[in-house]
Amino acid sequence: MHTDRIPILKLGQYLLVTIQVDLYDELAERLESDIITMARKHDSRGILIDISAVSMVDSFMGRIFSNIASMAKLMDAETVLTGMQPAVAITLVELGLTLEGVHTALNVDDGIALLEQLVGSYDANPLEEIVEEEEEETEPAADGAIDL
Amino acid sequence: MGQLTYKIRQPSDVVLVKNAVQKAAKSQGFSLLNTTRIVTATSELCRNMLDFAQRGEVRIQQLSKQGRPAVCLVFADEGPGIADISQAMKEGYSSRNSLGMGLPGTRRIMKEFHIESSPGEGTKIEICHWQ
């Protein structure tokens, strides 16, 4: 039936998704699995989903965003939802949705800044660096350089 | 004061209904927020219909309620029906893998909400909203 897909762009260590169409169920579910597959492929640390062009978020779409955030979190990535319209935010709250685990920012600029902050603080975790050094034996010099 | 009926059989039909509801809300002078509320309610109820009854129809009416231009929608299906309506209206209750926000949430965002259902008889939900 439908083979439409929402494009997902790789932007450095992040994935950037701009939703500009009405998300029907299949499209939303495909987006969910595409994001997770791409996050895995590129070892993404953050996912930014811009919904400034979305005029309505219902409980199904809210669940998709929460799912993406939870799955991303399990894969060590943060999710930021940007550009939510005021009417959408009000309706979501009235519906009773809280979008668990999803960070929000006013626009894409702020969203990227937030990701830098979230992921940056995580990079400071020394355990993570040890694991990376063990896995990436080909680039020990580069890792050492970062430590300095 | 027009009336339109849409058949719902697949997710793409829902997009058509949502567009028609949005148009009706606009022509009744709804604010962006009230338009968003009724389109969101439409989305919730159409999804329930597809999930539980596989098919049904939606009637869109532009009426006058309490002297104000209103949009009223009737969602009717001949699906399995709901045995315990008060349970289905309860916050967080879900008979499938969802958040259980659909019916109680929809009731909260609409000015009028009425549900009739019994097992084997299908479900009929009427909602009305006005500016």
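Chain A and chain B bury about 2,000 Å² between them, 58% of it on carbon and sulfur atoms. Buried area here is the accessible area, taken with a 1.4 Å probe, that two parts lose on being put together, summed over both. A word on the basis. This is a predicted model, where local features need pLDDT of at least 70 and side-chain atom pairs count only at pLDDT 80 or more, while totals for chains, interfaces and linings use all residues. Residues are numbered from 1 along each chain as its sequence is written, chains are lettered from A in the order in which they are written, and side-chain values use heavy atoms, with hydrogens and water left out.

Back to the interface. Chain A puts 20 residues into the contact and chain B puts in 23; contact means heavy atoms within 4.5 Å. Two salt bridges link chain A and chain B. The cut-off is a side-chain nitrogen of Lys or Arg within 4 Å of a carboxyl oxygen of Asp or Glu. A:D58 forms a salt bridge with B:R47, and their closest N and O atoms are 2.5 Å apart.

Which elements build chain A's side? On the side of chain A that touches chain B, α2 and α3 of chain A each supply at least two residues. α3(A) gives the most, with six residues. Helices are DSSP runs of H or I, at least four residues, and strands are runs of E, at least two, numbered from the N terminus.

Now α4 of chain B, residues 102-109. Six of its eight residues are buried, so the helix is largely enclosed by the rest of the structure. Buried means under 20% relative accessible area, with a 1.4 Å probe and protein chains only. The buried residues are B:G102, B:L103, B:P104, B:G105, B:T106 and B:I109. What do they pack against? In chain A, α2 (59-74) and α3 (86-95); in chain B, α2 (32-53), α3 (85-88), β4 (112-118) and β5 (122-130).

That brings us to β5(B). Seven of its nine residues are buried, so this strand too is largely enclosed by the rest of the structure. β3 of chain B, residues 68-77, pairs with β5(B) in the antiparallel sense over eight bridges. Pairing requires at least two DSSP bridges between the strands. B:C72 has B:C128 as its bridge partner in β5(B). β4(B) is also antiparallel to β5(B), over seven bridges. There, B:E116 stands opposite B:K124. β4(B) and β5(B) form a hairpin with three residues between them, and B:G120 in the turn has a positive phi of about 80°.

Note on methods
Buried means under 20% relative accessible area, exposed over 50%, partly exposed in between (1.4 Å probe, protein chains only).
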